[in-house]
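The structure is shown first, and the description follows.

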Amino acid sequence: MEHNFAKGLENIVALESSITFIDGEKGILEYRGFDIAELADMSYEQVSYMLIYGRLPDRNELKSFSDELKELRTISDSAFNVIRFCNYNIEAMDALRTTISFMSHCDPDLNDNSPEANIRKGMRMIARFPTVVASFSRTKHGMEELEPDPELSHSANFLYMLRGTRPSELEARILETDFILSADHELNPSTFTARTIASTLSDIHSSVIGGLCALKGPLHGGARMAVMEAIDEIGSVDKVENFVIGKVEKHEKLMGFGHRVYKTYDPRAKVYKKLAKEIAEDRGDMLWFDIAERMEEIAYREFVGKKGKPIYPNVDFYSGVVYKYLDIPSKLATAVFAIGRISGWIAHCLEQYSDNRLIRPRAKFVRSEK
Ligand code: SDX
């Protein structure tokens, strides 16, 4: 029997989902029928509720959902100890993976995989990812961990726990939009990994940890960190041209550019570009934004000239610039992406469990010489 084969599963439809719609030719992205422009005006809590429950919350539902997340932010002393025992040569994604794995052992719903228990476990992870990432970063840099501040929103509290001072309204709103834009993206590699694990009827913590492991890679969420490092390495606008041309000539990847699905401008990158400009202007320092914008121009020109087709920034490009202006260290970038993505992973796992079929593709066997 002949089977379809596409390397990297390119354009293969693996399952049905009602969560996110993407039109890669037109650059359209919707969560649960809401266009990206409408999403950017919502709160992360609202968007997370909608991803998980399939509809927008009313005022009371949103309040109890947000209050519950606030109450769940604190992590146990033993979880803090795991963070403190992490090897500080590792980075935040590894610490997050290890700590979430440890926290799953102590979860009161450990052996309950019912839909209700999975939502409770999901809520704990959404609430605690920021606490773990901020605590790891502070400990790694020799600072005391901070208690969460229940007066602050999800995004403002993360910046407070990371930096030790309350963020401005603009900073909190910009990070909130980042969490929303990062929250879901259909069958991206980390979500596909999480769903594949869920499809074996393994538990939701294991599925999320699988997602984290996939997000870490430089071809996926790891690109955000690489973008920040590239901007530092370039250092000034006049060095951009040589940097980009050098990458193209050596056939090296330009991190933060290109996409498997979008054949036009990633609609999230457009929003991030506006945010990056806004926060750069607010800080009165355009350097990182100007370097990034020049990279975009030169990359476009070089790809059209040498490959006959353009290349556009993806979600990881201007988000990296935004993180620089928010004083988020580059080594934390992928873990901050995960703080946004967790609600999407939870929604996808719930959807997978609700109508499960084991995900098990075939390989095209290629006989090798004996
Ligand atoms: C994310 O899938 C998702 O939805 C993911 C994500 C999400 O929200 O979950 O959007 C998040 O992972 C964004 C992507 C982050 N990764 C990077 O920024 C790494 C750099 N980008 C590339 O490696 C690449 O564009 C990928 C991995 C993102 C996509 O790879 P594909 O689908 O294999 O790329 P392609 O088939 O479109 O590439 C075709 C050509 C190739 O050259 P030719 O063989 O035609 O000569 O374009 C080249 C590629 O080599 N190319 C690049 C490039 N991206 C594509 N060349 C240099 N630099 C790049 N960034």
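## Terms and basis

A crossing is left-handed if the near helix is turned anticlockwise from the far one by less than a right angle, and right-handed if clockwise. Helices are DSSP runs of H or I with at least four residues, numbered from the N terminus.

The model is predicted: local features need pLDDT of at least 70, side-chain atom pairs count only at pLDDT 80 or more, and totals for chains, interfaces and linings use all residues. Residues are numbered from 1 along each chain as its sequence is written, and side-chain values use heavy atoms, with hydrogens and water left out.

## Helices α8 and α16

α8 passes α16 in a right-handed crossing. The axes of α8 (residues 169–182) and α16 come within 7 Å and cross at roughly 65°; axes are lines fitted to C-alpha atoms over the stretch in contact, and angles run from 0 to 180 degrees between N-to-C directions. α8 is therefore roughly perpendicular to α16, the term for angles of 65 to 115 degrees.

On the α8 side, the contact (heavy atoms within 4.5 Å) is made by Leu-175, Asp-178, Phe-179 and Ser-182, and on the α16 side by Val-336, Phe-337, Ile-339, Gly-340 and Arg-341. By class, 5 of these residues are nonpolar, 2 polar and 2 charged. Ala, Val, Leu, Ile, Met, Phe, Trp, Tyr, Cys and Pro count as nonpolar, Asp, Glu, Lys and Arg as charged, and the others, Gly among them, as polar.

## Helices α6 and α7

Helix α6 (residues 115–140) and helix α7 (residues 154–163) have axes that come within 8 Å and cross at roughly 20°. α6 is therefore roughly parallel to α7, the term for angles under 35 degrees. Their crossing is right-handed.

Residues of α6 in the contact include Ile-126, Pro-130 and Val-133, and those of α7 include Phe-158 and Met-161. The contact residues divide into 8 nonpolar, 4 polar and 2 charged.

## Helices α13 and α14

Helix α13 (residues 267–283) packs against helix α14 (residues 287–307) at an angle of about 150°, with the axes 9 Å apart. α13 is therefore roughly antiparallel to α14, the term for angles over 145 degrees.

The contact is made by Lys-273, Ala-276, Lys-277, Ala-280 and Arg-283 of α13 and by Trp-288, Phe-289, Glu-293 and Glu-296 of α14. It has 4 nonpolar, no polar and 5 charged residues.

## The second largest pocket

A pocket is, on a 1 Å grid over the protein atoms alone, an open set of points where a 1.4 Å probe fits, with protein on both sides within 12 Å along at least five of seven lines; lining residues have an atom within 4 Å of a point. The second largest pocket holds about 800 Å³ of space, a volume being the space filled by probe spheres set on the points, which are joined across faces, edges and corners.

Of its 27 lining residues, Leu-9, Ile-12, Arg-360, Pro-361 and Arg-362 are the closest to the centre. α16 gives the most to this lining, with 3 residues. By class, the lining has 14 nonpolar, 4 polar and 9 charged residues.

Note on methods. Helices (H or I, at least four residues) and strands (E, at least two) are DSSP runs, numbered from the N terminus.
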